[in-house]
Amino acid sequence: MSKTQYKTVAILGAGPVGLAAAAHVIERGMVPLVLEQGPEVGHAMKQWGHVQLFSHWGLNVDAAARRLLQAHGWQLPDEDGFPAGAEIVDRYLVPLSRLPGLEGRVHCNHRVISLSRLGLDKVVDQDRAATPFLILVQSPDGERRFIADAVIDATGTWFSPNPAGSGGLPATGELGHPALRYGMPDVSGAERARYLGKRVAVLGGGHSAVGTLIELANLPDTTPIWLLRKNSPRRALGGGAADQLAERGTLGMVLTRIIGDERVKVQSGFHLAEIDGTPPILRAEDGRQVLADQLVVATGFRPDLSFLREVRVSLDAGLECPPALAPLIDPNLHSCGTVRPHGAAELAHPEPGFYIAGMKSYGRAPTFLMATGYEQVRSIVAQIAGDQAAAARVELVLPETGICNGPPVTAQASCCGGAPIARTDACCAQDEAAKNAGGPGCGCNSPAPPETVRCCG
């Protein structure tokens with residue numbers, strides 16, 4: 001390791017990616033300062049603590065965190081088991097936060113209000129890189145200020161859900177409507193009484209929507225209604241047996257069977273314009289109406305950028321993610337859900353020593369794996385420590401989803417994950433090879449690839 005460039009690294013957010021970053025900071029001989037807006041570590045994850053992950057324990061524990069924990073007698077839960085969100089918090093994040101290197105350095109109920117350079121606003125160039133960061137925080141004791149040499153924003157997106165309106169704005173009547181829930185409510189557990197025996201509309205096309213529909217279909221006398229903005233549910237149903245994460249592939253296969261049994265009603269091409277009355281009438285832009293007792297809005301999330309006004313960030317105009325990351329995750333180009341590993345180079349901003357990691361680094365793009373975040377912060381912390389060779393090295397091979405924009409794939413086709421590559425505009429090794437040869441790529445990044453092209457295989 002080369003000489004450490006920074007001493008104190010502020011980490012915003014005490015979720016799995018934030019605490020993984022702290023573990024890497026400790027291993028590099030630097031001091032972590034973790035600021036969490038919630039009352040406990042993993043606060044956002046606890047909001048969906050009932051949800052079982054489709055990635056096993058082995059993919060959900062960061063390598064540096066594991067080393068620190070095992071040095072103090074911690075044992076990894078069943079590596080091949082599939083934990084729920086609450087288990088990740090209770091059996092992994094809480095013990096990690098109590099290790100000697102982190103205890104007393106994780107500040108809960110500390111909401112970041114603003115971030116800047118000490119004594120410098122966004123405009124000033126002189127001595128900028130050498131000036132420490134100033135972090136303004138609202139705490140139980142009032143306003144506090146912290147100083148740090150580098151900052152990793154791992155605050156996530158959970159508390160910034162996208163609205164139900166299809167144009168990126170709330171539908172008429174949406175704000176404050178009592179029949180709405182966002183994200184993935186515990187429909188078969190803590191909130192069972194709210195949904196049992198009701199007509200429940202679920203708006204969205206991702207894993208949260210699919211999982212919620214499956215749970216609703218198992219409630220007696222309950223009518224799930226799938227409101228899907230796309231004209232076909234094929235992409236939302238996933239890669240099935242071709243998905244290298246079997247639990248993820250199973251979700252789509254189960255929902256396909258339930259739809260075939262007519263236990264879920266499907267409204268495709270449904271762009272919500274108005275929510276009227278209680279129980280609500282859901283009106284689409286084309287005039288269609290759906291009567292529902294409850295509406296679950298599972299339309300994804302967007303980053304909260306409000307406290308970053310005084311730091312120099314560079315974001316893709318559409319996705320609100322770092323520009324170098326955008327071609328890898330843009331759902332307009334490919335939607336395989338598994339992005340090649342990436343790190344400090346793709347996540348850098350014009351503000352030296354500042355990085356956005358974890359789900360927030362994806363901006364408005366969907367489908368993020370915790371293992372991706374762990375690789376991000378491993379690389380970022382290496383860069384902060386001055387170890388450029390380790391920062392450039394990629395140490396992760398992600399499981400492939402078996403589905404991409406393009407022609408249907410089979411179990412033998414390989415899609416968008418796999419080993420690391422060099423080009424920032426390539427989603428997999430075959431895509432890189434094709435582009436290096438002067439071609440357009442393997443077909444993943446083409447909205448309408450030829451029928452002869454198999455995606456990334």
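Modeller: Of the contacts in the protein with a separation of 6 or more, 66% are between residues 24 or more positions apart; contact means heavy atoms within 4.5 Å. This is a predicted model, in which local features need pLDDT of at least 70 and side-chain atom pairs count only at pLDDT 80 or more, while totals for chains, interfaces and linings use all residues. Residues are numbered from 1 along each chain as its sequence is written, and side-chain values use heavy atoms, with hydrogens and water left out.

The protein has 13 helices and 16 strands. These are DSSP runs numbered from the N terminus, with helices (H or I) of at least four residues and strands (E) of at least two. Of its 457 residues, 54% are buried, where buried means under 20% relative accessible area, exposed over 50% and partly exposed in between, with a 1.4 Å probe and protein chains only.

Now the pocket. The second largest pocket has a volume of about 400 Å³, the volume being the space filled by probe spheres set on grid points that are joined across faces, edges and corners. The grid has a 1 Å spacing over the protein atoms alone, and a pocket is an open set of points where a 1.4 Å probe fits, with protein on both sides within 12 Å along at least five of seven lines; lining residues have an atom within 4 Å of a point.

The lining of this pocket consists of 22 residues, and those nearest its centre are His24, Asp62, Ala63, Arg378 and Glu395. Two or more lining residues come from each of helix H1 (16-27), helix H3 (57-60), helix H4 (63-70) and helix H11 (370-384). H11 contributes the most, with six residues. By type, the lining holds nine nonpolar, two polar and eleven charged residues. Here Ala, Val, Leu, Ile, Met, Phe, Trp, Tyr, Cys and Pro count as nonpolar, Asp, Glu, Lys and Arg as charged, and the others, Gly among them, as polar.

His342 is in the loop between helix H9 (326-329) and helix H10 (344-347). At 2% relative accessibility, His342 is buried. Setting aside neighbours within four places in sequence, His342 contacts Leu325, Leu347, Tyr362, Thr372, Glu375 and Gln376. The C-alpha atom of His342 is 9.7 Å from that of Ala391, 49 residues away along the chain.
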